[in-house]
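Morning, everyone. One structure today, and I'll keep it quick. Here it is.

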Amino acid sequence: PLFSGSDVKVSSNLGLDKHDVVRISPSKMMVYKACSKQFYYKYDYVEEEPLPDRIFNFYALRGTAVHDVIDRIIKSFPHCRVGDLLDTPLQRFVTLCEDTLKEHQNKEGVELPLSLVSKFDKSFSDTWHTLQEQMKPFEDWSIISEYPISSKSLKFNKKYRRKYELYGIIDYILRSPDKSKILILDGKTSGTVGKNVDNLQLQFYMFLYFLRFKEFPTQAGFLYFIKNKLKLLPVKDSNPENIKNFYYNILDFIQRTEDKDYI
């Protein structure tokens with residue numbers, strides 16, 4: 001069926017107190033940092049009155065298609081090098097993105113507006129060119145895609161009402177040939193650089209990676225597929241002491257949600 005904005009409602013949440021374990025993710029922390037009231041309506045809202053209609057985000061489908069295709073190509077190689085990804089022909093990459101986008105459209109029961117068809121095709125081509133240019137220096141690095149990491153063993157000095165765990169899905173983990181360097185990348189399909197992006201996301205991933213693997217990432221950054229740009233965090237943010245200190249950001253976030261501090 002064709003999409004109609006009035007057909008989609010935001011369902012009421014259970015509220016954080018109803019979960020056995022509350023997952024803390026980069027997206028939750030970024031929403032709270034941008035607007036604590038938005039966090040309330042998105043994650044901790046339990047009232048029965050209807051929320052505003054949700055406008056369907058076709059651009060999110062585009063981003064999902066790109067990530068799925070890169071993930072599929074990477075996993076087609078037993079031990080993927082960045083160079084294996086870069087060897088993908090342009091037309092094959094674009095076709096895979098188009099087919100994957102249609103799969104997600106069918107799943108959601110929506111039809112892509114004609115005005116976006118050619119725009120998205122160009123986006124897929126732009127993504128391929130970005131990979132060719134920005135990832136070339138890393139062609140001999142090994143790559144893992146979409147790596148989910150959780151940490152249930154985080155110890156707190158004070159007792160909270162709820163149980164918490166950290167959770168995040170790192171888009172791409174790159175390791176140098178001599179295994180001495182680790183680069184964490186988050187892919188972005190937005191049309192702008194820096195808008196609606198927070199370094200907190202990368203800092204969260206570095207902290208989570210440290211907890212899981214007991215080693216410190218060397219660097220982290222955003223890869224802007226459409227804008228052909230690799231934007232790395234300042235080196236100081238990858239300092240082991242700064243990575244470990246992100247723990248205090250977690251504690252502050254937990255305390256604010258425990259107090260329901262939604263201004």
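This is a predicted model: local features need pLDDT of at least 70, side-chain atom pairs count only at pLDDT 80 or more; totals for chains, interfaces and linings use all residues.

Start with burial: 45% of the 263 residues in the protein are buried, meaning under 20% relative accessible area with a 1.4 Å probe, protein chains only. Residues are numbered from 1 along each chain as its sequence is written, and side-chain values use heavy atoms, with hydrogens and water left out.

Now the fold. There are eight helices and six strands, taken as DSSP runs (H or I, at least four residues; E, at least two) numbered from the N terminus. The order is β-α-α-α-α-α-α-β-β-β-α-β-β-α. The C-alpha trace spans about 55 × 50 × 30 Å along its principal axes.

Next, the inside. The largest nonpolar core has 38 residues. By that I mean buried Ala, Val, Leu, Ile, Met, Phe, Trp, Tyr and Cys residues joined through side-chain atoms within 4.5 Å. Ile24, Met29, Phe39, Phe204 and Ile250 have the most contacts inside this core. Its largest share, nine residues, comes from α7. What does Phe204 touch, leaving out residues up to four places away in sequence? Ile24, Ser25, Pro26, Met29, Leu166, Tyr167, Phe246 and Ile250, with contact meaning heavy atoms within 4.5 Å. Apart from that core lies another, of 35 residues, with Phe58, Ile70, Phe124 and Trp141 among them.

Last, contact range. Of the contacts with a separation of 6 or more, 77% join residues 24 or more positions apart.

Technical notes: Buried means under 20% relative accessible area, exposed over 50%, partly exposed in between (1.4 Å probe, protein chains only).
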